[in-house]
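Please read it beside the sequence and the coordinates.

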Amino acid sequence: MASIAVEEPSAEPAYCRRSRLQALKISRVLSGVLGTAWAVIAVAPLYFLVLGSLRGEGAYLTANPWWPSGGVTLSNYRVALSGVGTALLNSVIVTVSVCALVIVLSVPAAYAIVRGRGRGIRLCYVLFLAGLAIPIEGTIVSVFIIVLHLHLYNSLAGIIVPTAAFSMALAVLILVAFLRDVPSELYEAMELDGAGRMQLLRSLVFPMARPPLLGIGVFVALSSWNSLLLPLVTTTSNAQAVLPVALLRLESSNGADYPAILASVVWSAIPIIVLYLVGRRQLIGGLVIGSSSNLGR
Amino acid sequence: MRVESPVVSVRGAVRSMYSRTDGRGKREVGPGLLVLPAFAIYGVFVIGALLAAVVISFLNWPIGGSVSFAGLKNWSTFLSGGGVKALGVTAEVIGISLVVQIPLSVALGIFAAGRQRYRAVLSWLYVLPLLVSPTGIAITWARLFDPTFGGFTSIIQQTWLSSRAAAPVIVTLAFSWRIVPFYVILIQAAVRTIPRELFDAAAVDGASGARLIRHILLPQLRHTIVVVAILAVTGALTAFDLYFVMTGGGPDGATTTLAVGVYLQAFSNQVLGPASVYAVVVAAAGLLTAGLVSRATKFGEMRSQRQ
């Protein structure tokens with residue numbers, strides 16, 4: 001990647017005038033102020049969240065919400081875990097299953113689109129392309145009815161399968177773009193060696209597609225971890241609630257224990273925060289991949 | 001509901017086209033067939049669901065009740081009642097999103113692209129709001145703006161989330177607060193791919209600070225800014241989580257975006273027909289935006305080739 005420091009011209013020309021230097025200095029100070037101000041704005045609500053989650057209920061209701069006084073306790077985190085423990089587990093199951101389903105199905109599909117010929121394949125490809133622009137909010141009513149009719153209502157499968165379906169188009173199209181650049185001789189050589197389709201997929205296509213699959217996996221995991229609308233619509237019982245649904249139910253219950261709710265929010269973010277700490281580059285790569293989903297290409 | 005049927009017929013067509021026999025006369029699976037497992041669930045839950053939404057928007061379908069044909073009734077109710085209001089709220093959300101998110105993202109993205117150590121630290125902090133789910137963010141901001149125990153109660157007495165004028169603005173600010181870090185990442189990455197020579201040349205010509213940004217940086221970032229604008233529009237168009245969790249679509253429908261409208265119609269009012277009208281409008285707007293974008297970018301490519 002070509003690197004460039006915007007505010008730092010490599011060599012200041014010797015003849016530059018004092019006034020220009022001053023203007024540069026002022027713009028640097030201004031941008032420093034703006035940048036720092038935004039950091040404060042970005043962190044403040046999170047500070048409020050964490051501080052609130054560490055307080056006793058009495059202190060939360062009476063003490064200054066921005067000043068750490070009135071004692072600190074971790075007991076909210078224990079209470080919260082007993083409330084959203086099942087949801088945490090459900091979210092892990094759903095996220096892992098959605099990723100697995102998308103990866104296992106999208107790789108063969110992309111291979112089929114790259115290697116297959118004919119009208120049927122082209123139709124599938126065009127429909128995958130069109131699907132990038134279909135938002136889940138626009139189909140949620142019919143997804144609810146379909147889930148009901150397939151007897152998937154109130155089951156984790158009722159969350160997993162539709163979520164995977166909505167990630168499929170993006171995964172397939174990214175993989176198609178990637179596999180198109182692979183010389184077809186590679187496939188043909190393996191076919192000549194008598195490799196079956198499954199063997200070819202297992203020992204050539206899957207290993208080759210690992211780099212895009214990493215980004216796809218991160219993106220799919222993030223969006224299924226965060227998704228609220230679909231699980232809200234396809235499950236009603238607390239036994240199948242995933243984290244966003246469980247958080248919403250806590251928030252809207254009467255006589256809510258606010259510090260415990262805030263602690264639950266922190267619990268729900270911990271896996272993502274860990275991912276950010278150990279794999280910042282992968283996390284951001286996954287986010288950026290997802291942005292192509294809304295661009296219709 | 002027979003939404004599976006188009007998929008089944010596609011499957012038949014594909015099978016006849018792609019099965020073939022190898023030299024030893026054994027039937028072999030053609031590569032094209034491997035698209036089917038993925039396409040089956042995609043075809044049912046995305047394409048099929050979209051077609052079904054169009055059909056249901058012309059039906060009377062109370063949850064648990066009997067289904068009958070409604071003609072244009074759901075659509076005329078949408079146009080004369082809450083639908084237009086939801087369109088207005090959505091337009092307001094799109095407007096605030098564009099005005100708030102784009103200048104902020106561009107300025108902060110340029111800032112974060114600098115190589116100074118303190119900028120690296122600050123841009124590390126910028127990403128933090130993205131790590132909490134929208135539902136978690138909504139809960140945090142709802143507590144922040146709680147009129148009795150909130151984060152601002154000790155400073156100012158406010159009941160902004162129950163004010164019809166302020167609530168959509170506050171929720172959209174929360175929404176922007178969470179999503180701007182993502183656009184900052186996109187702009188930052190784009191700035192870092194601009195060749196250094198461009199800046200050096202401009203600096204030799206005597207350009208400084210603001211002029212450098214206006215004449216070198218912004219033109220180079222044009223494509224990325226358009227991408228961010230499209231993402232901001234589609235994000236606002238489908239906005240649900242924050243608007244539903246923070247204010248439940250209220251007060252008095254002031255934060256009922258189209259997507260919140262879909263949910264409230266279907267699961268509070270329990271009428272699937274009117275809910276599907278909202279859903280079809282959301283989907284159509286999404287497809288329309290994508291269509292315009294792809295036409296615009298094709299047009300842009302043609303123009304840049306001619307130059």
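Predicted model: local features only at pLDDT ≥ 70, side-chain atom pairs only at ≥ 80, totals over all residues.

1. Residues are numbered from 1 along each chain as its sequence is written, chains are lettered from A in the order in which they are written, and side-chain values use heavy atoms, without hydrogens and water.

2. In contact (heavy atoms within 4.5 Å) are 115 residues of chain B and 108 residues of chain A. The two chains bury about 9,400 Å² between them, 76% of it on carbon and sulfur atoms, where buried area is the accessible area (1.4 Å probe) lost on putting the two parts together, summed over both.

3. Across this interface the rule finds 1 salt bridge, defined as a side-chain nitrogen of Lys or Arg within 4 Å of a carboxyl oxygen of Asp or Glu. The side chains of B:Arg143 and A:Glu251 meet in a salt bridge at 2.8 Å, N to O. B:Arg143 also lies over the face of A:Tyr258, 3.9 Å from the ring centre; the criterion is CZ of Arg or NZ of Lys within 6 Å of the ring centre and within 35 degrees of the ring normal.

4. Within chain A, A:Arg180 lies over the face of A:Tyr125, at 5.2 Å from the ring centre.

5. One aromatic cluster (ring centres pair within 6.5 Å) is formed by A:Tyr47, A:Phe48, A:Trp66, B:Trp141, B:Phe145, B:Phe152, B:Trp160 and B:Trp177.

Terms used: Phe/Tyr/Trp six-rings, centres within 6.5 Å; stacked < 30°, edge-to-face > 60°.
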